[in-house]
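Please look at both before going on.

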Amino acid sequence: MKSLSQEHRKFHPQSEFVANAKIQGMEAYKEEYEKSIEDPQAYWETVADELHWFSKWDQVLDSSKAPYYNWFVNGKTNISYNCLDRNVNAGKGDKVAFHWEGEPGDSKSLTYSELLESVCLFANVLKSFGVQKGDRIALYLPMIPELVVAVLACARIGAVHTVIFAGFSSDSIQDRIIDSKARMVITADGGYRRGKILELKKIVDEGIENCPTISEVLVVKRGGDTSIDCPMQSDRDFWYEERAESCDADCPAVPLDSEDLLFLLYTSGTTGKPKGIMHSTGGYQVFSYATSKYVFDLNDNDMYWCTADVGWITGHTYIIYGILQNGASQLIYEGAPNFPDPGRFWNLIEQYKVSIFYTAPTAIRAFMKWGDNWLEGKDLSSLRLLGSVGEPINPEAWMWYHEKVGSEKCPIVDTWWQTETGGHLLTPLPGAIPTKPGSATVPFFGIEPLILTEEGAETDVGILAIKNPWPGMLRGIYGDPELYEATYWSKWGGRYYFPGDGARIDEDGYYWILGRVDDVVNVSGHRIGTAELESIFVEHSSIAEAAVIGIKHEIKGQGLLAFITAIEGKKVDEALKVELVQLVDKKIGKFARPERIVFASDLPKTRSGKIMRRLLRSIAEGQELGNITTLSDPSIVDEIQNQFKNI
Ligand code: WT7
């Protein structure tokens with residue numbers, strides 16, 4: 001693994017920011033951090049006490065069945081209660097929970113009282129179908145208010161939501177529904193993306209053709225738009241709005257056990273199939289609340305905006321659960337950053353006076369490419385804090401964000417975490433930790449990271465490990481405990497959590513994430529397993545073998561490159577390439593398309609038949625290849641190199 005060139009610039013939070021921050025200065029952070037590490041259970045108990053519990057836990061952490069950890073054992077709570085009722089009861093009923101803006105420019109605002117009412121009504125609609133605690137409900141919705149409402153409605157009655165990002169294909173919907181055995185899908189007639197209507201209901205119809213567990217499809221009308229074609233099947237499909245007419249808006253939150261399943265969220269790994277990451281109620285509630293509070297330093301007059309989609313973990317934790325539990329106001333935007341033009345985000349910040357802005361490096365790099373003129377004349381003075389998430393941020397993008405968006409006054413929190421971790425593990429606290437461009441800096445309270453060698457010895461540059469359990473950690477992979485143990489707990493004999501990232505620690509104890517060490521590629525902050533794509537390609541009747549690797553990409557961070565061998569005698573041409581791309585669209589979604597497909601008569605393999613992906617990566621990046629004499633057929637390297645030059 002290569003070490004990052006040393007980046008020595010350091011940026012201190014301005015004294016004005018520090019003066020109002022929740023954690024003021026490095027010393028305050030250190031003191032609190034040390035306390036949290038000395039006695040993590042006492043620390044998390046204090047945080048949990050800030051929230052509502054129907055009845056308290058009798059043990060903070062039960063590690064006796066490690067790596068299956070239980071938090072707040074026997075506690076009874078409800079996260080929708082903590083997001084809604086608790087804030088309304090505290091006098092925040094008339095406070096805006098969110099302003100929503102659709103891509104075409106339509107908009108809506110909901111106060112905490114109104115959101116509570118909408119969630120109760122939605123929960124009663126679910127109950128009218130007989131939905132019960134523990135039932136899995138698949139959500140396939142655009143970024144509209146009903147997505148937030150539906151998620152909270154599930155949580156309110158103990159139904160387990162599994163949100164499927166609306167960019168996924170019908171085949172992906174099918175895979176997730178079959179694996180989760182969901183009984184209902186909630187979708188919409190459509191949604192907007194880059195000026196076009198996505199007909200979501202039609203995609204759902206295709207996706208559930210072979211899903212016998214689905215008994216009903218609940219369809220939300222997107223903003224009353226009547227032009228969207230939405231076929232309805234009379235015995236199975238129901239319009240949400242019609243069903244809601246006969247329901248009332250009174251639905252008390254159900255007390256749930258801390259370890260009751262809250263949601264499943266599917267993510268790619270090194271196996272050919274996405275895994276259903278399990279998050280449970282009590283621990284996730286406490287962790288999403290605490291990280292939101294301290295990392296975004298949320299105040300009563302903030303206007304927060306996270307540009308992620310609720311279909312990913314960022315939207316779960318830092319649009320819905322963490323932010324609403326803190327009683328903050330936020331902006332939710334449905335569409336693309338460059339619709340109708342690349343000034344859209346800056347217009348929104350100006351219009352809604354956004355004070356905290358949380359986005360992804362890939363978006364920042366896209367804005368850099370579109371040009372600074374889109375920011376000129378925009379009033380971004382409401383901003384006081386910026387955030388980054390999803391992939392390592394290159395120092396150049398960091399500096400642009402700092403100068404052009406943050407006017408050199410806003411701290412940037414570069415937050416490292418994963419679907420599995422539930423919330424931030426490495427991150428600056430904005431009033432306490434000086435930042436360095438490209439570093440996720442230091443651990444959050446209660447988190448003990450280590451950098452280890454394969455063998456488990458401590459080192460400066462190596463593999464990131466997490467020593468102790470934390471409340472927001474995943475509870476398993478749905479239906480596959482062996483895979484859970486093998487993926488996250490087998491590397492160092494079950495002693496530490498293995499996130500799959502490489503990292504370096506510098507002289508100040510700052511962490512620098514170096515990217516994945518497994519066969520996972522991070523495209524625009526979306527995780528794609530190379531094995532998943534490979535298995536899609538070999539399904540094609542002309543294809544014998546495929547190897548997919550990640551390569552550096554200017555905007556997306558990483559892009560995908562596919563090396564493919566056709567079955568002897570099959571025609572290899574542009575038409576075949578098009579078919580393979582279409583196959584990716586159908587099986588996963590357009591966002592997983594490879595940048596390039598390279599055909600070769602064979603792939604470089606060791607004598608024992610293992611494909612040498614590392615060598616393919618070197619060829620793609622034009623690096624020295626080193627010793628290739630151990631290959632079963634070294635001549636194949638020349639062929640692939642020539643292929644490469646020709647494209
Ligand atoms: C992987 C997790 C975290 C929510 C969005 C992605 C990479 C994430 C950072 C960061 C460097 C990062 C890691 C991680 N990653 N944030 N700030 N700096 N790398 O969630 O799909 O579960 O992917 O994203 O490689 O393992 P995810």
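Q: In which loop does P67 lie?
A: This is a predicted model, in which local features need pLDDT of at least 70 and side-chain atom pairs count only at pLDDT 80 or more, while totals for chains, interfaces and linings use all residues. Residues are numbered from 1 along each chain as its sequence is written, and side-chain values use heavy atoms, with hydrogens and water left out. Helices (H or I, at least four residues) and strands (E, at least two) are DSSP runs, numbered from the N terminus. On that numbering, P67 is placed in the loop between strand 1 and strand 2.

Q: What is omega for the peptide bond that joins A66 and P67?
A: The bond that joins A66 and P67 is a cis peptide bond. Its omega is about 5°.

Q: Where is P340, which is joined to F339 by a cis peptide bond?
A: The cis peptide bond between F339 and P340 has an omega of about -5°. As for its place in the chain, P340 is found in the loop between strand 17 (329–333) and helix 13 (344–352).

Q: How many aromatic pairs are there in the model?
A: A pair of aromatic rings is described by the distance of the centres and the angle of the planes. Rings of Phe, Tyr and Trp (its six-membered ring) pair if their centres lie within 6.5 Å, and planes under 30 degrees apart count as stacked, over 60 as edge-to-face and the rest as tilted. By this rule, the count of aromatic pairs comes to 50.

Q: How many residues apart are W57 and F72, which form an aromatic pair?
A: The rings of W57 and F72 lie 5.1 Å centre to centre with 70° between the planes, and the pair is edge-to-face. W57 sits in the loop between helix 3 (40–48) and strand 1 (59–62), whereas F72 belongs to strand 2 (residues 70–73). The pair thus links distant parts of the chain, and the separation is 15 residues.

Q: Is F72 buried or exposed?
A: Buried means under 20% relative accessible area, exposed over 50%, and partly exposed in between (1.4 Å probe, protein chains only). F72 has a relative accessibility of 0%, and therefore it counts as buried.

Q: What kind of aromatic pair do F287 and F444 form?
A: F287 is in helix 11 (residues 281–295) and F444 is in the loop between strand 20 (412–415) and strand 21 (449–452), 157 residues apart. Both F287 and F444 are buried, and they also belong to one aromatic cluster, whose members include Y29, Y33 and W44. With 6.2 Å centre to centre and 85° between the planes, the pair is edge-to-face.

Q: What is the phi of K353, which is not a glycine?
A: K353 lies in the loop between helix 13 and strand 18 (356–359). Its relative accessible area is 59%, so K353 is exposed. Although K353 is not a glycine, its phi is positive, at about 50°.

Q: How far apart in space are L616 and I549, C-alpha to C-alpha?
A: L616 is in helix 19 (residues 613–620), and because its relative accessibility is 0%, L616 counts as buried. In sequence, L616 and I549 are 67 residues apart, but in space their C-alpha to C-alpha separation is 7.6 Å.
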